[in-house]
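Here is a short report on one protein model. Keep the sequence and the 3D view open while you read.

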Amino acid sequence: MPDSTPRPPRMFSRRSVLGTVALGAAAAPVLAACGAPSSGTSSKAAPTSLPTTPSKPVTLNVLDVAGNLQLTKPILDAFKAKHPEIVTKITTTTGTAPELAPKVQAQQQAGNVQIQLVLTGTDGLSAGIAKGLWYDLKPYYPAFFPDLMANYQPAAASMASLAQDQGIELVWYPSGPLLEYDPAAVNPVPTTPDALLDWAKAHPGKFQYARPRNSGPGRTFLMGLPYLLGDSQPTDPVNGWSKTWAYLTELNKYISSYPAKTSAVMTNLAQGTVHLIATTTGWYINPRALGTVPASVKVAKFDNLTWVSDAQYGVIPKGVSKDELSAALRLLAFALTPEQQAATYDDGYFYPGPAVKNVGIKQAPASSQQVIAKYGEPEFDSWMTQYPTKNSLPATAQVTAFDLWEKKIGASK
């Protein structure tokens, strides 16, 4: 799961924009049966009828708490350029997932919702679901998102279900867990948990992963171990991870520190402080493409890999106006068209990126194709079809796992 660790700044190129079936709908009203928002959020009930084009162009304020703009900023720019009848301006700001729910809730309680669209991972998504902050979007599927679930890749459709119809999945990737290493220092490469433990014991301080609460590769490593180790209940960190906690306790003896962010782990690998790290598809490709780590580092999989996938979503806070809701839905539908999904290959940050079916690398911008060809791992695609994929833990279970890790493992360093 990608984290909020900032990447070095780069320029976003304008992708070409083609037509869309979902967005070409006439401005006929959509009949909906949404109930009123939960108590304490917003006094405005969901619109019972919604045109597919706002009565006048609006400004959309977009808050990103997942690093999603790295993938979708060109899509937002393209939408504004193509649809001046829908939006006059799209502003973007960034924040953190823990800050999201309190911020939105405060605006709703004041009756002054200023955020029309939130880009979030599973953490912010679920926090808002628990507090009743997001609109139920299912009534609007027929007009804005026809055949929504059928259009997703199977693994992406599974992750989309975590949104409980209160968010639209925008991007997906299988994540990991994978291992990244310096081939000059690691030979042979460990490909089982036992071999990794033996390597760490023989090379104390040279294997590293970041704290799971703040790191995509760290949490993917944590959530992937129960499958690799054959734990009894891989989705239950309290009652089903006895092998995982025992393994991490032993591995902890040979790890010198757990950096707060993935970027620090990448710096340590680049500087030779460590030689072997936990990684994901995107964190392997993108830092090499940006020069954060040497292009010479390599990636390896575990022999009995189970992918732990990740996704990011667009959610709409209760309390936005009818015109703003219509515009935000149009933007989300636009983002799911194959032409725009191809842009999410990006520089490999969330590889592959597209959540919908039949969007291959040959449809991606030339710059993305060049990055993947030069810095990608040719076997990634075959690994994705060869090994099973499981959803990441729901947010509540993730928080529990993070708390247990901090208590059992992280507190010792």
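## Overall build

The protein's secondary structure amounts to 16 helices and 13 strands. Helices (H or I, at least four residues) and strands (E, at least two) are DSSP runs, numbered from the N terminus. The model is predicted: local features need pLDDT of at least 70, side-chain atom pairs count only at pLDDT 80 or more, and totals for chains, interfaces and linings use all residues. Residues are numbered from 1 along each chain as its sequence is written, and side-chain values use heavy atoms, with hydrogens and water left out.

Of the 413 residues in the protein, 57% are buried. Buried means under 20% relative accessible area, exposed means over 50%, and partly exposed lies in between (1.4 Å probe, protein chains only). The accessible surface of the protein is about 16,000 Å², and carbon and sulfur atoms hold 53% of it. Such areas come from the Shrake-Rupley method with a 1.4 Å probe; for residues, only the protein chains shown count as cover.

Now take the contacts (heavy atoms within 4.5 Å). Among those in the protein with a separation of 6 or more, 80% join residues 24 or more positions apart.

## The cores

A nonpolar core is a set of buried Ala, Val, Leu, Ile, Met, Phe, Trp, Tyr and Cys residues joined through side-chain atoms within 4.5 Å. Which residues touch the most other members of the largest core? They are Phe-145, Tyr-152, Ile-168, Ile-316, Leu-329 and Phe-380, out of 88 residues in that core. Helix H12 (residues 322-335) gives this core its largest share, 9 residues.

Look at Phe-380. Neighbours within four places in sequence aside, Phe-380 is in contact with Leu-178, Thr-281, Tyr-284, Ile-285, Val-299 and Tyr-351. Another core lies apart from the largest one. This other core has 34 residues, including Val-186, Leu-228, Phe-302 and Ala-397.

## Helix H9

Helix H9 covers residues 242-251. Its buried residues are Thr-244, Trp-245, Tyr-247, Leu-248 and Leu-251. Seen down the axis of H9, these buried residues fall within an arc of 160 degrees, so they line one face of the helix. The arc is that of the directions from the helix axis to the C-beta atoms. An α-helix has 3.6 residues a turn, so residues three or four places apart point the same way.

What covers the buried residues of H9? The cover includes helix H7 (193-202), strand E8 (207-208), helix H8 (216-229) and helix H16 (395-408).

## Strands and a sheet

Strand E6 (residues 168-176) is mostly covered, with 9 of its 9 residues buried. E6 and strand E12 (residues 353-354) run antiparallel and are joined by 2 bridges. Two strands pair if DSSP finds at least two bridges between them. Val-171 has Pro-354 in E12 as its bridge partner.

Elsewhere, 4 strands form an open sheet in the order E8-E9-E7-E10, with mixed pairing. E8 and strand E10 (298-300) stand at the edges, each with a single partner strand, so one side of each has no neighbour in the sheet. E8 and strand E9 (residues 276-279) run parallel, with 2 bridges between them. In E9, Leu-276 is the bridge partner of Phe-207.

## Salt bridges

The structure holds 4 salt bridges. A salt bridge is a side-chain nitrogen of Lys or Arg within 4 Å of a carboxyl oxygen of Asp or Glu. Here are some of them.

| Pair | N to O distance |
|---|---|
| Asp-77 and Lys-73 | 2.9 Å |
| Asp-403 and Arg-213 | 2.5 Å |
| Lys-253 and Glu-250 | 2.9 Å |

Asp-77 and Lys-73 both lie in helix H1 (residues 69-82), 4 residues apart, about one turn of the helix. Asp-77 is partly exposed at 24% relative accessibility. Lys-73 is partly exposed too, at 21%.

Asp-403 and Arg-213 link distant parts of the chain, 190 residues apart. Asp-403 is in helix H16, while Arg-213 is in the loop between E8 and H8. Asp-403 is partly exposed at 40%, and Arg-213 is partly exposed at 34%.

Glu-250 is partly exposed at 26%.

## A buried serine

Ser-215 lies in the loop between E8 and H8. Is Ser-215 buried or exposed? At 1% relative accessibility, Ser-215 counts as buried. The C-alpha atoms of Ser-215 and Ser-263 are separated by 8.9 Å, with the two residues 48 residues apart along the chain.
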